[in-house]
Amino acid sequence: MSETLLDVQGLRVRFGGGTEAVRGVSLAVDRGETHCLVGESGCGKSVSALAVMTLLARGATRSAERMAFAGTDLLGLDERGMAKLRGNRMAMIFQEPMTSLNPAYTVGSQMAEVMRRHRGASRRAALDRAAALLGRVGITAPGMRLAQYPHQLSGGLRQRVMIAMALMCDPELLIADEPTTALDVTVQAQILRLLLELQRELGLAILLITHDLGIVARMAHRVSVMYAGQVVESAPAADLFAAPTHPYTRGLLDCVPAPGKVARGAQLGSIPGTVPRIPLGFTGCAFRDRCAQAMPECSGDIPAQTRIPGHRYLCRLPAGWPRDAAA
Amino acid sequence: MSGFPPLRRIAAGLGAVIVLGVAFAAIFAPLLVPHDPFLQDLNQRMVPPSWMEGGMPAHLFGTDQLGRDYLSRLIYGARISMLIGVMTVITSGLIGITLGVLGGFFGGRVDDVVMFAITCRLSIPLILVALSVVSLIGSSLTVVVFTLGLLLWDRFAVVARTTTMQVRTLDYVSAAWAAGCSRSYILLREVLPNIVHHLIVVATLEMALAILLEAALSFLGLGVPPPLPSWGLMISEAKDYMFFSPWVIMVPGIALFVLVLGINFLGDGLRDLLGATRDA
Amino acid sequence: MVTFLARRALLALLVTLTVLTISFALTRLSGDLAVSIAGPQATAQDVEIIRKAYGLDRPLLAQFFDWVGSAASGDLGRSYLYHEPAAKLIRERLPVTLTLGLTGLCIALLTAIPLGILAAMREGSLLDRAIMLIAVIGQAMPSFWLGLLLIIWVGLKLQLLPISGVDTWDGYILPGIVLAFSAIPALMRLTRSGMVDALASDYIRTARAKGLSRASIVLKHALRNAAMPVVAVAAVQLGFMLSGSIVIESVFSLHGVGYLGWESISKNDFPVVQAVVLFLAIVYICLTLLADLLNAVLDPRLRAA
């Protein structure tokens, strides 16, 4: 279970305007595990995922110390080599099911082309596989759906189509960028359950990007918390929820109401301030302006610490610092 | 993406220089011309431009088939082009903006009628109808201006209509309604000032089009009457000689091309400056 | 969609009626048509004879309904000059104009679409700027002047192509190029902006995430969506080209419908003028209807509605 499938170290993404959206992110996704990447919007989690897939918009530049997928060095691949992996061994689904499918082509032709491209499958064989997968993701009457256009499907159906399309070539890694954010709550639950089932069945590794800690609690084997372009804490899910160590992680968890634990009308936690824009050459902890524990040394270099093996965090505070120590 | 802003700014500046230069030539034509543009000198016909073999220093751009000084005719021709351009834009602008603003502002039946008028106008073959009108009423500068003015209002109407629709729903217009301002007050004081930058860009496009159309009409012999030195007419009169001396059509043709290019550059520059869209 | 098309057809009919009225009014602009026909040398007696012969002595309204009635049954009047039905004259000249228009459209599309795609793919680059400069220059080029230049340089100096008449197929190339010039800027801008939008869209990101080839992403996924408005505008541009071919036909001495119109105008052959105006207007109206239809066929979202 512990073979590393995706290994990213020191990933940086810079945009034209002199801002750095991702500042040295390291991530490892093992075969068959779900790794959740959590953070507020704008923290760089989607950009990191797009950078891994080499799908960044023009004007963004990427660099990394290491980026490997199943032993293949992704940094050394050109667009052609990357295209051979994408949709084939690593697939991605997006937040916007309404606009992520091409309005001009039928569901069937869009699904079939993935397999025809990567496997050289015949149209017939590709369509058969597409129909089988549509059935697998819980779409009834798959034969009819294949002939339909995206605008004839609801958002939930389109996201199922996107998932089925991502599975066409039996990928080893599925990157899911907020796959349920745009959907109704009931549909959300169905999609998440589907992902869990598929993972168990196919041994799929999933990099799940979300801002919803409820989803993390249900899905994740491992969690990485991102803030302002950095992973500030990374741990096995159970550890993270049991012993959150970075002040930001603690703040995030305080924002989630747990039924039964929070009294009616009680004040929920909140983190004051907003995510700052990080200029080039910024040093120190990006969270210090919003942190109750901030001290002068927070503007210097921040040490990466290990609470227990496998649980790392980026803060000068000692593991197990008491909540009210500095207050 | 901003691309190459300096390049765009250079083009816009060039456009402004060209348009102002031609306007200057048009206004001060009588003071600028070296010769009388209508004076024929049959002893000095088809003199090539002064830098070519056989050219004369007295005639910088040479003379035409009747011995008239080409440079002087060119300068007077600028008057015709600018006059046609400006007057046509005023006429067609008045018609188009009125229709477009009314349709966009009132919507419903009024808008249906305006849309219908625009559709009808677009269906009419422009050049053919302009030619017939000029031919039937008789060719003169006034007739050409009004014919083109009555035909070229469609883009004004389309842009005025769409932009008015957008402006109408904005908060400050709603606020003016709520404050009990009259319709005409809202139209003139709230709507018009907020769409005028789009209309200015349309005006440059239409001015360029009007100048090209006048030249085409004159070229076909049904624009401004001879001996007026319209650039289109100069090309038409010279085309029998173009095989032996191509410069006779080059001189007025380049003038026409440069002026229209200048207006388009200026229009693009204004669009950038005023933040208007191309067709709204 | 059926109701949409029915509405459009009704609108087209109303527009046709209006154009019918305008083309009738147009020829009555001069005041007295009989005087114009008779010419400056005619005596008052001649004018009277002509007035009677052409039915111009009848009330204006009666003349108008005559014109509408016969136009509806396909009779567009008789030429004073050729003593033949105007409809027949138009039919004889139509192949030339139609071939010219279609040649022009093909040249325009084959130039504008690849350049527009290229500009969009390199948005903001020097290449993009250069291509858009071509659009501005094309817009500023007086078509008749361009025609003359091509005649001098390509036809006469290089002797590559025939410069007048259409005895052979290559006679259509030069006038086709000139005609195309007027449509290229609009089509190119539209292709470019459509492609820029399409290439930035979520479904293109999906296509890339699927590992499709660059050709498939640009030509299949992006172009298909960007092409929808281009196709509609191309149909409308063809309409403008057909009615604008009058200038080019006279430059290249092509005896098409436009030339017929010009000739009739200069020779006071009013029934033919009237007929040509009406004919070109109807062609344009039909082309806009065709554009709506094409849009509906190309866009699956419209097809179902």
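Predicted model: local features only at pLDDT ≥ 70, side-chain atom pairs only at ≥ 80, totals over all residues.
How many of the 11 residues of strand β2 (residues 20–30) of chain A are buried? Eight of them are, so that the strand counts as mostly covered, given that buried means under 20% relative accessible area. A search over all chains finds 28 salt bridges in the whole structure, and the largest nonpolar core has 145 residues.

- Strand β1 (residues 4–15) of chain A runs antiparallel to β2(A), and eight bridges join the two strands.
- Within this pairing, A:L11 has A:V25 of β2(A) as its bridge partner.
- Four residues stand between the strands of the hairpin, in which A:G18 takes a positive phi near 85 degrees.

**The open sheet of chain A**

- Eight strands of chain A form an open sheet with mixed pairing, and their order is β7-β8-β9-β3-β10-β11-β13-β12.
- The edges of this sheet are β7 (90–93) and β12 (304–308) of chain A, each of which pairs on one side only, and the twist from one strand to the next averages 20 degrees.
- Strands of a sheet pair through backbone hydrogen bonds, in either a parallel or an antiparallel manner.
- Helix α6 of chain A lies across β7 and β8 of chain A, and runs at about 175 degrees to β7(A).
- Helix α10 (residues 247–254) of chain A also packs on the sheet, where it touches β10 (222–227) and β11 (230–236) of chain A, and its direction makes about 105 degrees with that of β10(A).

**Nonpolar cores**

- In the largest core, of 145 residues, those with the most contacts inside it are B:W231, B:I249, C:W67, C:L76 and C:F144.
- Helix α9 (residues 183–219) of chain B gives the most to this core, contributing 17 residues.
- Leaving aside neighbours within four places in sequence, C:F144 is in contact with residues of chain B, among them B:L212, B:A215, B:A216 and B:F219, as well as with C:V247 and C:V251 of chain C.

**C:T206, a buried threonine**

- C:T206 lies in helix α9 (residues 202–209) of chain C, and its relative accessible area is 4%, so it counts as buried, the cut-off being under 20%.
- Not counting residues up to four places away in sequence, C:T206 touches A:F94, A:S100, A:M162 and A:M165 of chain A.
- Along its own chain, C:T206 is 26 residues apart from C:A232, and the C-alpha atoms of the two are separated by 27 Å.

**Salt bridges**

- A:D7 forms a salt bridge with A:R66, in which the closest N and O atoms are 2.8 Å apart; because A:D7 lies in strand β1 of chain A and A:R66 in strand β5 (residues 66–69) of chain A, the pair ties together parts that are 59 residues apart in sequence.
- In that pair A:D7 counts as buried, at 15% relative accessibility, whereas A:R66 counts as partly exposed, at 39%.
- The side chains of A:D170 and A:R129 also meet in a salt bridge, with a distance of 3.8 Å from N to O, and this pair links distant parts of the chain, 41 residues apart, with A:D170 in the loop between α6 (155–166) and β8 (173–177) of chain A and A:R129 in helix α4 (residues 123–136) of chain A.
- Both partners count as partly exposed, A:D170 with a relative accessible area of 48% and A:R129 at 25% relative accessibility.
- In chain C, the side chains of C:K88 and C:E84 meet in a salt bridge at 2.1 Å from N to O; C:K88 is partly exposed, with a relative accessible area of 31%, and C:E84 is partly exposed as well, at 23%.
- Salt bridges that share partners join A:E3, A:R31, A:R89 and A:E172 into one network.

How values were computed: Residues numbered from 1 in each chain as written. Chains lettered and ligands numbered in written order. Heavy atoms only, no water. Buried < 20%, exposed > 50% of the residue type's maximum accessible area, 1.4 Å probe, protein only. Pairing = 2+ DSSP bridges. Contact = heavy atoms within 4.5 Å. Core = buried A, V, L, I, M, F, W, Y, C linked by side-chain atoms within 4.5 Å. Salt bridge = Lys/Arg side-chain N within 4 Å of Asp/Glu carboxyl O. Axes fitted to C-alpha atoms, helices over the stretch in contact; angles between N-to-C directions.
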